[in-house]
Amino acid sequence: MSAAPIDLRRLAPEDAAAYREIRLEALADSPHAFSSTLESEQDQPIDRFAMRLAENFVLGAFSGPHLAGVAGFYVQPRPKHRHKGMLWGMYVRSDRRTAGISRKLVEAIIAHARQHVELLQLFVIADNMPARGLYASLGFVEYGIERHATKYHGQYHDDVLMALPLMVDSGGEAACAPTKEVSAKEVPA
């Protein structure tokens with residue numbers, strides 16, 4: 001039996017129940033990979049998830065009628081940072097991780113981001129080597145490490161900061177910052 005084809009589409013407020021389900025699964029399955037926690041989101045009303053979908057660009061990967069993965073994008077809100085966007089909330093259900101869904105989601109986010117920003121950024125937990133490899137294969141470059149970026153249940157985790165330039169500089173090269181370690185003091189508020 002062959003797998004159903006993957007269809008990508010932007011999630012709308014009417015997808016809130018399916019989005020809530022996969023979001024809570026992501027927070028339970030990979031608690032260290034996200035800034036939020038299962039405890040902080042599981043009691044939120046469905047309207048809160050619908051509002052998130054109305055206010056943000058969240059892409060869903062569907063296998064038939066089933067939501068198999070999600071990824072979000074937003075433009076940095078501060079005036080001097082609006083040339084940058086962020087890939088966030090990336091998750092693919094564990095039973096679908098070898099189907100190429102992650103790559104399709106990230107490629108679609110990159111295509112969308114090209115219409116809105118000059119630089120696409122993300123952060124990924126340092127020990128998530130499959131995700132780091134995927135992002136690198138799509139052109140993202142590691143430019144720093146935020147040590148102790150998160151602390152959950154008494155355990156610290158480092159985030160690797162990655163960026164994909166979406167504009168070409170005058171020399172024909174994609175512009176990108178060199179790799180350097182970033183301390184918490186250097187991260188703007």
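Let me start with helix 5, residues 129-137, which lies across strand 4, strand 5 (119-125), strand 6 and strand 7 (155-165). Helix 5 runs at about 165 degrees to strand 5; axes are lines fitted to C-alpha atoms, for helices over the stretch in contact, and angles run from 0 to 180 degrees between N-to-C directions. Helices (H or I, at least four residues) and strands (E, at least two) are DSSP runs, numbered from the N terminus.

This is a predicted model, where local features need pLDDT of at least 70 and side-chain atom pairs count only at 80 or more, while totals for chains, interfaces and linings use all residues. Residues are numbered from 1 along each chain as its sequence is written, and side-chain values use heavy atoms, with hydrogens and water left out.

Seven strands form an open sheet with mixed pairing, in the order 1-2-3-4-5-7-6; two strands pair if DSSP finds at least two bridges between them. Strand 1 (6-10) and strand 6 (141-152) are at the edges with a single partner strand each, so one side of each has no neighbour in the sheet. Strands 3 (66-75) and 4 (84-92) pair in the antiparallel sense over six bridges.

The largest nonpolar core has 29 residues, a core being buried Ala, Val, Leu, Ile, Met, Phe, Trp, Tyr and Cys residues joined through side-chain atoms within 4.5 Å. Buried means under 20% relative accessible area (1.4 Å probe, protein chains only). Helix 4 gives the largest share of this core, six residues. A second, separate core of 18 residues includes Met 86 and Trp 88.

Technical notes: Contact = heavy atoms within 4.5 Å. Buried < 20%, exposed > 50% of the residue type's maximum accessible area, 1.4 Å probe, protein only.
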